[in-house]
Amino acid sequence: MRGLVLYGAKCAPAVWESVRDGLADYNLTYVEYPRKMLSEAETVDDIAGWVAGVYGAHDWDVLIGHSMGGQTALKAARLFKRQPKKVILIESNPVPSGGFYRNLMTTEHMERYGASVARMFRAKCPITLRN
């Protein structure tokens, strides 16, 4: 299996260090974004465009993305010459979170909405959640 592995915003390739040994049997390429590109990128689409430009001509069985790397993987996959068979998201939202979601769990919002959010999770979640 040939895979391309992408890390998220404010992370570094080191985020994968704890799992690299366990994945050593797979043919994985760990992306390292150039600092210049990251400093000039304004959107996930900009990063996905760079990924597609550098890696998009290869055959990939899977793209694996952590956090914003998952969003980047989804967007880059559409731009690749040959679509990967799978895209795996780890701790990713399929779309960038807006201000509402980024601010949902602030102290003020937890005091205001926390009980209703906990009830919603409890209703959907098969495990026990503590308040």
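Throughout this passage, a residue is called buried when its relative accessible area is under 20%, exposed when it is over 50%, and partly exposed in between (1.4 Å probe, protein chains only). The structure is a predicted model, in which local features need pLDDT of at least 70 and side-chain atom pairs count only at pLDDT 80 or more, while totals for chains, interfaces and linings use all residues. Residues are numbered from 1 along each chain as its sequence is written, and side-chain values use heavy atoms, with hydrogens and water left out.

We can start with the overall layout. The protein has six helices and four strands, where helices (H or I, at least four residues) and strands (E, at least two) are DSSP runs numbered from the N terminus. Read along the sequence, these elements follow the pattern β-α-β-α-α-β-α-β-α-α. Of the 131 residues of the protein, 31% count as buried.

The strands come next, with two strands taken as paired if DSSP finds at least two bridges between them. Strand E1 (residues 2-6) pairs with strand E2 in the parallel sense over four bridges, and Gly3 stands opposite Leu28 in E2. E1 also pairs with E3, again in the parallel sense and over four bridges; here the bridge partner of Gly3 is Val62 in E3. On the E4 side, five bridges join E3 (residues 62-66) to E4 (residues 86-90), and these two strands run parallel. Val62 stands opposite Lys86 in E4. Between E3 and E4 the chain passes through helix H4 (residues 68-79), and this β-α-β crossover is right-handed: with the strands pointing away from the viewer, the path from the first strand over the helix to the second runs clockwise.

How are the side chains of these strands arranged? In a regular strand the side chains alternate between the two faces of the sheet.

Side chains of opposite charge can pair when their charged atoms come close. With a salt bridge taken as a side-chain nitrogen of Lys or Arg within 4 Å of a carboxyl oxygen of Asp or Glu, the count comes to five salt bridges. One of these joins the side chains of Lys36 and Glu40 (2.4 Å, N to O). Both residues lie in helix H2, four residues apart, about one turn of the helix. Helix H2 spans residues 35-40. The Lys36–Glu40 pair also counts as a polar contact between side chains (2.4 Å), a term for a pair of N or O atoms within 3.5 Å; within protein, one must be able to donate a hydrogen and the other to accept it, and residues adjacent in sequence count only if both atoms are side-chain atoms. Lys36 is exposed because its relative accessible area is 55%.

Another salt bridge brings together the side chains of Asp45 and Lys75 (3.1 Å, N to O). Asp45 lies in helix H3 (residues 44-55) and Lys75 in helix H4, so the pair ties together parts that are 30 residues apart in sequence. Asp45 counts as partly exposed because its relative accessibility is 41%, and Lys75 is partly exposed too, with a relative accessible area of 22%.

Arg82 forms a salt bridge with Asp59, with 3.3 Å between the closest N and O atoms. This pair links distant parts of the chain, 23 residues apart: Arg82 sits in the loop between H4 and E4, and Asp59 in the loop between H3 and E3. Arg82 is partly exposed at 43% relative accessibility, and Asp59 is likewise partly exposed at 44%.

Finally, the surface holds a nonpolar patch. Leu74, Val87 and Leu89 make a nonpolar surface patch of about 180 Å², with the area taken from the Shrake-Rupley method with a 1.4 Å probe; for residues, only the protein chains shown count as cover. Patches are made of residues with over 30% relative accessible area and no salt bridge, like charges being joined within 9 Å and nonpolar side chains (Val, Leu, Ile, Met, Phe, Trp, Tyr) within 5 Å. Val87 has its place in strand E4 and counts as partly exposed, at 30% relative accessibility.
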